[in-house]
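Hi there,

Here is the structure I promised to pass on. Please have a look at it first, and then read my notes below.

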Amino acid sequence: MALHKIADFDPNYKDSFQGTDVKGLGVYTEVNDEKIGTVSDVLVDEEGRFRYLVVDLGFWIFGKKVLLPVGRSRIDYNLDRVFALGLTREQAENLPEFNERDTVDYDYEERVRGVYRTPGNRPVDTSASLEASAPLEASAPLAGAAYPAATTSTYDRNTYNYEHEPSLFQLNEQNNQTLKLYEERLIANKRRQKAGEVAIGKHIETETARVAVPVEKERVVVERVTPADAGRAVAPGEANFREGEVARVEIYEETADVRKEAFVREEVRVRKVVDHDTVEAQETIRREELDVNAPGLPIDER
């Protein structure tokens, strides 16, 4: 039964009380209207149900805070006061001190509840059996009156439930009725779905490429000409007749040497970008409004 500060449980808890706040209200005894402290916080259970008011007794004892079960409180927002039912100054002083840094466990709560279970610290039983405390989200400003007397049976830490002691933890539903007004709201959510797929690959195309390469080829030109002194007689021994004399001339030519090389032609970069757009939708929604039918009767609407 872990307990939480009301602001930690719901930072917007004031919205459940039409903007009002129990924090800061003075705490008074119900009998002689004597101030005993100020509400500094509210403790709720894991379901958001009010369990304790944290009362600062600084008005009496500087710096001491104690717990007041909600069933022993009656809040009057007209007077901005909290009345502690059946609690006296002496009993408040005997309550174990509440330390915000310590965990509120079963043993500590039993010490607190033990003080309120004493015969002199019980309100008179004038009401019928009441329903369990309302959770935070359904609560209205607290109100209290008389509650069933606490029993004196021994409680088991493993089975204890706040409903076992309605005199300490029940709200008075007779004087504190709640009418819920509902309204519809459009809740816009987004879901991500696949719109398609883009496949980017590559294939090979072939074509015939032509290149012109200029080449050189050598050839032998044999010219037979008649010299100017043709027919002239040569001196004896000048003529050298040799059979098989050959003149050799090497002939060269160029041939085209064509080969293929691969080069990077371009790069293709693939990435995604997000385009933002706004999609509008409209629906007909309903809202309940309050109708108050009390002709001639005083109504204080808050």
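Let me start with R232, which is partly exposed at a relative accessible area of 48%. In these notes, buried means under 20% relative accessible area, exposed means over 50%, and partly exposed lies in between (1.4 Å probe, protein chains only). The side chain of R232 meets that of D229 in a salt bridge, 3.3 Å from N to O. A salt bridge here is a side-chain nitrogen of Lys or Arg within 4 Å of a carboxyl oxygen of Asp or Glu. D229 also counts as partly exposed, at 40% relative accessibility.

Before going further, a word on conventions. This is a predicted model, where local features need pLDDT of at least 70 and side-chain atom pairs count only at pLDDT 80 or more, while totals for chains, interfaces and linings use all residues. Residues are numbered from 1 along each chain as its sequence is written, and side-chain values use heavy atoms, with hydrogens and water left out.

**Overall picture**

The chain has four helices and seven strands, in the order β-α-β-β-β-β-β-β-α-α-α along the sequence. Both kinds of element are DSSP runs numbered from the N terminus: helices are H or I with at least four residues, strands are E with at least two. Of the 302 residues in the chain, 30% are buried. The chain exposes about 23800 Å², and carbon and sulfur atoms supply 47% of that; accessible areas come from the Shrake-Rupley method with a 1.4 Å probe, and for residues only the protein chains shown count as cover. Among contacts with a separation of 6 or more, 66% are between residues 24 or more positions apart, where contact means heavy atoms within 4.5 Å.

**The strands**

Which strand is mostly covered? Strand β3 (residues 35–44) is, with seven of its ten residues buried. Two strands are said to pair if DSSP finds at least two bridges between them, and β3 has several such partners:

- Strand β1 (residues 4–5) pairs with β3 in the antiparallel sense over two bridges, with K5 opposite L43.
- Strand β2 (residues 26–29) is antiparallel to β3 over three bridges, and V27 has G37 as its bridge partner. These two strands form a hairpin with five residues between them, and D33 in the turn has a positive phi of about 55 degrees.
- Strand β4 (residues 50–56) runs antiparallel to β3 and is joined to it by six bridges, with V44 opposite F50. Five residues separate the strands of this hairpin too, and G48 in the turn has a positive phi of about 85 degrees.

Further along, strand β6 (residues 73–76) and strand β7 (residues 81–84) pair antiparallel over four bridges. I75 has V82 in β7 as its bridge partner. This hairpin has four residues between its strands, and D80 in the turn has a positive phi of about 55 degrees.

**A charged network and a tyrosine**

A search of the whole structure finds 22 salt bridges. E109, E110, R113, R117 and E165 are linked in a network of them. R117 and E165 both lie in the loop between α3 and α4, so the pair ties together parts that are 48 residues apart in sequence. R117 counts as buried because its relative accessibility is 14%, and E165 is buried at 1%.

Y160 is found in the loop between α3 (106–116) and α4, and at 6% relative accessibility Y160 counts as buried. Its side chain makes polar contacts with the side chains of R113 (3.4 Å) and E165 (2.4 Å). A polar contact is a pair of N or O atoms within 3.5 Å; within protein, one must be able to donate a hydrogen and the other to accept it, and residues adjacent in sequence count only if both atoms are side-chain atoms. Y160 and Y106 are 54 residues apart in sequence and 9.1 Å apart in space, C-alpha to C-alpha.

Best wishes
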